[in-house]
Amino acid sequence: MPTIMSRTALALLATTLMVGGSVLGLAASAQAHNYVVASTPGADEVVTTLPSEFSVTTNAPLLTLGGSTDGFALQVVDSAGQYYGDGCIQVTGATISSGATLGQPGDYTLIWQVVSEDGHPVSGEIAFSWQPADATQESAGSASPPDCGGTIAVPTDPSDSSEPAPGETA
């Protein structure tokens with residue numbers, strides 16, 4: 001028959017194993033989120049020729065529901081805050097990509113956000129420099145992020161409504 005001391009030791013051991021298992025389980029699930037394994041351009045790269053696209057590839061497939069890229073972003077911003085690219089996002093397997101344009105030589109940041117298969121958003125930034133050999137590759141930037149074909153709804157100013165205000169008659 002176990003003694004009180006051995007019961008206490010067994011209870012303590014069981015509690016320690018459960019807590020340890022929980023901590024290890026949380027650590028394993030935290031590592032399940034996607035992380036970058038490659039990008040174009042690479043981190044701190046000096047780009048001399050405009051790539052055909054900007055891209056970020058992660059370690060695992062990305063979650064698109066019905067082919068929707070809602071929740072995904074890939075933006076390129078220069079040091080003056082100007083945006084470049086067409087805003088059209090493509091997600092293929094573990095890669096998010098968008099058409100590439102850049103302005104004057106200088107420092108740029110590739111800002112990205114993806115959705116892991118477990119539904120969690122993951123984001124980051126990749127700094128790079130643009131030093132083109134040919135100035136004809138420069139494009140004009142935009143003060144706001146590019147909108148792929150005008151698909152983002154822009155809220156209208158409620159003061160521009162042709163509807164009569166409450167209490168007024170038409």
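This tour moves through a predicted model, from its sheet and core to selected residues and the disulfide.

Within the pair, select Val-36 and look across to strand 3, where Thr-58 stands opposite.

Proceed to the loop between strand 1 and strand 2 (46-47), where Pro-41 is found. Display the backbone from Thr-40 to Pro-41: the peptide bond there is cis, with omega near 0 degrees. Then select Asp-44, which has its place in the loop between strand 1 and strand 2. Phi of Asp-44 is near 60 degrees, a positive value in a residue other than glycine. As background to both stops, most peptide bonds are trans, and most residues other than glycine have a negative phi. Is Asp-44 buried or exposed? Its relative accessibility is 64%, so Asp-44 counts as exposed, the cut-off for that class being over 50%.

**The nonpolar core**

Now show the side chains of Phe-54, Leu-74, Val-76, Ile-96, Leu-110 and Phe-128. These are the residues with the most contacts inside the largest nonpolar core, which has 21 residues. To see where the core is drawn from, colour strand 3, strand 4, strand 8 (106-115) and strand 9, the elements that give two or more residues to it. Which of the strands gives the most to this core? Strand 8 does, with 5 residues.

**Asp-78**

Stay with strand 4 (residues 73-78) and select Asp-78, which lies in that strand. Asp-78 has a relative accessible area of 14% and is therefore buried, as the class requires a value under 20%. Which backbone nitrogen does the side chain of Asp-78 reach at 2.9 Å? It is that of Ala-80. The side chain of Asp-78 also reaches the backbone nitrogen of Gly-81, at 3.0 Å. Now widen the selection around Asp-78: leaving aside neighbours within four places in sequence, Asp-78 is in contact with Tyr-84, Asp-107 and Tyr-108.

**The disulfide**

Finish with the cysteines. The structure holds 1 disulfide, which joins Cys-88 to Cys-148 with an S to S distance of 1.9 Å. The pair links distant parts of the chain, 60 residues apart: Cys-88 is in the loop between strand 5 (83-84) and strand 6, whereas Cys-148 is in the segment after strand 9 (121-130). Viewed along the S-S bond, the link of Cys-88 and Cys-148 is right-handed, with 90 degrees about that bond. Cys-88 counts as partly exposed because its relative accessibility is 25%. Cys-148, with a relative accessible area of 23%, is partly exposed as well.

Definitions and conventions: Residues numbered from 1 in each chain as written. Predicted model: local features only at pLDDT ≥ 70, side-chain atom pairs only at ≥ 80, totals over all residues. Heavy atoms only, no water. Helix = DSSP H or I, 4+ residues; strand = E, 2+ residues; numbered from the N terminus. Buried < 20%, exposed > 50% of the residue type's maximum accessible area, 1.4 Å probe, protein only. Polar contact = N/O pair within 3.5 Å; in protein donor to acceptor, adjacent residues only side chain to side chain. Contact = heavy atoms within 4.5 Å. Pairing = 2+ DSSP bridges. Disulfide = S-S within 2.5 Å. Core = buried A, V, L, I, M, F, W, Y, C linked by side-chain atoms within 4.5 Å.
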